[in-house]
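Please keep the sequence and the structure in view while reading.

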Amino acid sequence: CSILFSVVFTFEAGLLQGHIDWPTIPIQIIFGTIVGFLICTVIPCAHWGEQLGAKLAKPGSVLFKIIMYSTLLLVMLTFMCPIITIFVVCVLNKAPFAAIASIPALYGTFFPFLITGVLLLLVLGDAIVALAIKCAKE
């Protein structure tokens, strides 16, 4: 799941900025995958989403999935957006931190990523969960 989001969000960020920085794409995807995996490993955001979804909707329903996925992504993106933005702008592009030292700069991709992420999970979420369960059993 982290790899999928990393690839999609990396290209989406490039499109939102008006250009894709092809030479740094592999590094951005690897870094994003690691950061996303660590965030979701340390913070039980999927569990929180499932609990909130179960309180507000019938488990398995579309509303349940929207609530569950939105919660997961809200938590994940709250940490991921500034970490990835700082890495890409300051480390990869060697810009000073002052270039992004504001909340709008750090969270400029938050809502587009949230919308894309929820839609992506609504389409592929069941397959991702099934694959994760299969991998956990092996």
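In which helix does Leu131 lie? Leu131 lies in helix H6. The model discussed here is a predicted one. The protein contains six helices and zero strands, and its pattern along the sequence reads α-α-α-α-α-α.

**Overall form**

- The protein has 138 residues, and its radius of gyration is 16 Å; this agrees with the value near 14 Å that a compact globule would have.
- Along the principal axes, the C-alpha trace spans about 45 × 35 × 25 Å.
- Of the contacts between residues at least 6 apart in sequence, 67% join residues that are at least 24 apart.

**Surface and charge**

- Of the 138 residues of the protein, 38% count as buried.
- The accessible surface comes to about 8,200 Å², and carbon and sulfur atoms account for 76% of this surface.

**The nonpolar core**

- In soluble globular proteins, nonpolar side chains tend to be buried together.
- The largest nonpolar core of this protein has 25 residues. The residues with the most contacts inside this core are Phe5, Leu73, Met76 and Leu77.
- Leu77 touches Phe9, Pro82, Tyr107, Phe110, Phe113 and Leu114, when residues up to four places away in sequence are not counted.

**Lys65, a residue of helix H4**

- Lys65 lies in helix H4.
- Is Lys65 buried or exposed? Lys65 has a relative accessible area of 18%, so Lys65 is buried, the cut-off for this class being under 20%.
- Apart from its neighbours within four places in sequence, Lys65 is in contact with Gly60, Leu122 and Asp126.

**Lys94, a residue in a loop**

- Lys94 is placed in the loop between H4 and helix H5 (103-106).
- The relative accessible area of Lys94 is 69%, and therefore Lys94 is exposed.
- Most residues other than glycine have a negative phi. Phi of Lys94, by contrast, is near 55°, which is a positive value in a residue other than glycine.

- Why does Leu131 count as exposed? Leu131 counts as exposed because its relative accessibility is 53%, and the cut-off for this class is over 50%.
- Ala132 has a relative accessibility of 46% and therefore counts as partly exposed.
- Leu131 and Glu50 are 81 residues apart along the chain, and their C-alpha atoms are separated by 18 Å.
- Ala132 and Pro104 are 28 residues apart along the chain, and their C-alpha atoms are separated by 34 Å.

Terms used:
Residues numbered from 1 in each chain as written. Predicted model: local features only at pLDDT ≥ 70, side-chain atom pairs only at ≥ 80, totals over all residues. Heavy atoms only, no water. Core = buried A, V, L, I, M, F, W, Y, C linked by side-chain atoms within 4.5 Å. Buried < 20%, exposed > 50% of the residue type's maximum accessible area, 1.4 Å probe, protein only. Contact = heavy atoms within 4.5 Å. Helix = DSSP H or I, 4+ residues; strand = E, 2+ residues; numbered from the N terminus. Rg over C-alpha atoms; globule rule 2.2 N^0.38 Å. Areas by Shrake-Rupley, 256 points an atom, 1.4 Å probe, with all protein chains shown as cover.
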